[in-house]
Amino acid sequence: MVSRVIPVDTFDLVIFGGTGDLARRKILPGLYRRFLAGQMPTDARIVGAARGALDDAGYRKFVGEAIEEFVSEKKRDKKKIAAFLDQLSYLTVDARGTAGWKELATKIRKDCVQAFYFSVGPGLFGDIATRLHKYKIANDTSRIVVEKPFGRDLESAHALNEVLAASFDEHQIYRIDHYLGKETVQNLMAVRFANVLFEPLWNAQYIDHVQITVSETVGVGGRGGYYDKSGAMRDMIQNHLMQLLCLTAMEPPSKFDPDAVRDEKLKVIRALDDLVPDDIVRGQYGADADGPSYLEDSENPDSRTESFIALRCHISNWRWKGTPFYLRTGKRLKARVSEIVVYFKETPHSIFDEDAGSHANVLTIRLQPDEGMDMRVTIKEPGPGGMRLVDVPLDMTFADALGPEAKDVPDAYERLIMDVIRGNQTLFMRGDEVEAAWRWTDPIIAGWQARGDKPKVYEPGSSGPEDALMLLHQDGRRWREIKS
Ligand code: NAP
């Protein structure tokens, strides 16, 4: 496979929160990898901005260390790193005050792509947007990248949309969900819409159910205080898992264009049925030899926040009526896995003996680890002994099929930042989509708060609470085992 790097126009990218954890672990190493791939123009400039008193040399040292820590050894080339760092500078800016804004206004070039990455706490998104406008730093073509969380309910998300809209048009706002930047997520669209094979079967007539799992092995650790105000529903379902559900369930857009794709995703969210309490299982991890319980991690002994959630969702439209989508996500589970699993129905009638066994096709779309797809098809077990059926994988792991270069796919952040520079919003959430997702999740959260529901305690290293297994057992189904 020959890798193609599409050049982008030159740009000035300001990273507010340029000294923070996300910038250090993801954004800056990602930009270096794009530089290395030859995608970053040599006159593009990156400006780190935060309150800390640093000079350019200090910032370059900070970024050099981040590259050392978060870029694989085979990609660390001293000369290339030095050339990349030359394109970086730093400015002390206070998002809530006056410091640095006039300097930023003179520093930023007006005749190239301008992008402003808000890699700061959500409480500062509005302050930065307002000042970019007030100090006449941004113009009609500038882009802003807004991190998660985008609100904590419909009201706050709507208020944030309004604040941003006062200074920027929707076509300038890039609400990031890094799940959408994953190679496999885009492949899901390619598989569905570039093959004649799947789409005719992609409906309730042929698909029994869909499972979407995002499981983590780590607990809430040091960010327990923040997480406790959020929980798995707000932190993961409302954004990441709902986005994956939308891409799996949406109608074919008329073209691969930002609004056409986002219109279709929005229709899915609007077609989701309200949930009843029986559709929801919430959990909190207990303690074990490897770590404290959720209650200890959150330092809130009375916490009713969930570190695990499983949901049974129905989409009321012609395509999906009767096919449930089961979503689950949690912390301190058995393995770190993100996957969408599509279970097809069994054949309506088997021409083979009962002994041959009955089988159904299963398509697994893996986001991590090892991005790829796997389709289980049924064949005859080789050899004598009559007609015995067996499932075999049609494995579509990218590296195997497309050569080693395919293993080197850009990280989600790299791809998304380059999409910002290119001005392509397809993989970013639109304001109405985010609000629709909150409109669906808010009453669910309000419901369990009103009932005073307590999450069920589950064993760390397990698949979550027993009740989550029962959620599928009641329907005669079972979860795919969580394994990496
Ligand atoms: P962080 O480590 O706490 O960094 C915050 C950054 O913002 C620092 O550079 C800080 O530097 C700067 N800052 C704070 N107050 C400021 C102000 N008044 N004016 C200007 N700069 C200010 O946070 P983070 O983990 O990088 O997260 C940043 C954003 O990304 C958050 O919205 C978070 O939810 C989101 N996010 C993070 C991750 C992750 O893995 N870390 C993942 C997904 C989403 P000074 O204190 O020197 O100003």
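Me: Is Cys313 buried or exposed?
Reply: This is a predicted model, and the accessible area is computed from it. Buried means a relative accessible area under 20%. Cys313 falls under that cut-off, so it counts as buried, with a relative accessible area of 1%.

Me: Which cysteine has the sulfur closest to that of Cys313, and how many disulfides does the model have?
Reply: A disulfide is a covalent bond between the sulfur atoms of two cysteines. The closest cysteine sulfur to that of Cys313 is in Cys246, at 11 Å, which is too far for a bond because the cut-off is 2.5 Å. By this rule the number of disulfides is zero.

Me: Is Cys112 buried or exposed?
Reply: The cut-off for buried is again under 20%. Cys112 has a relative accessible area of 12%, so it is buried.

Me: Where does Arg319 lie, and which side chain does its own side chain contact?
Reply: Arg319 is in the loop between β9 (308-313) and β10 (325-330). Its relative accessibility is 14%, so Arg319 counts as buried. The side chain of Arg319 makes a polar contact, at 2.8 Å, with the side chain of Glu251.

Me: How many residues of strand β2 are buried, and which residue of β2 is the bridge partner of Leu13?
Reply: Strand β2 covers residues 45-50, and five of its six residues are buried, so the strand is largely enclosed by the rest of the structure. Strand β1 (residues 11-16) pairs with β2 in the parallel sense, over five bridges. In β2, the bridge partner of Leu13 is Ile46.

Me: How do the residues around the ligand divide by type, and which helix gives the most to the shell?
Reply: The ligand is surrounded by 22 residues, the closest being Thr19, Asp21, Arg25, Arg51 and Val120. The shell divides into ten nonpolar, six polar and six charged residues. With three residues, the element that gives the most to the shell is helix α1 (residues 21-36).

Technical notes:
Residues numbered from 1 in each chain as written. Predicted model: local features only at pLDDT ≥ 70, side-chain atom pairs only at ≥ 80, totals over all residues. Heavy atoms only, no water. Near = heavy atom within 4 Å. Helix = DSSP H or I, 4+ residues; strand = E, 2+ residues; numbered from the N terminus. Nonpolar A, V, L, I, M, F, W, Y, C, P; charged D, E, K, R; others polar. Buried < 20%, exposed > 50% of the residue type's maximum accessible area, 1.4 Å probe, protein only. Pairing = 2+ DSSP bridges. Polar contact = N/O pair within 3.5 Å; in protein donor to acceptor, adjacent residues only side chain to side chain.
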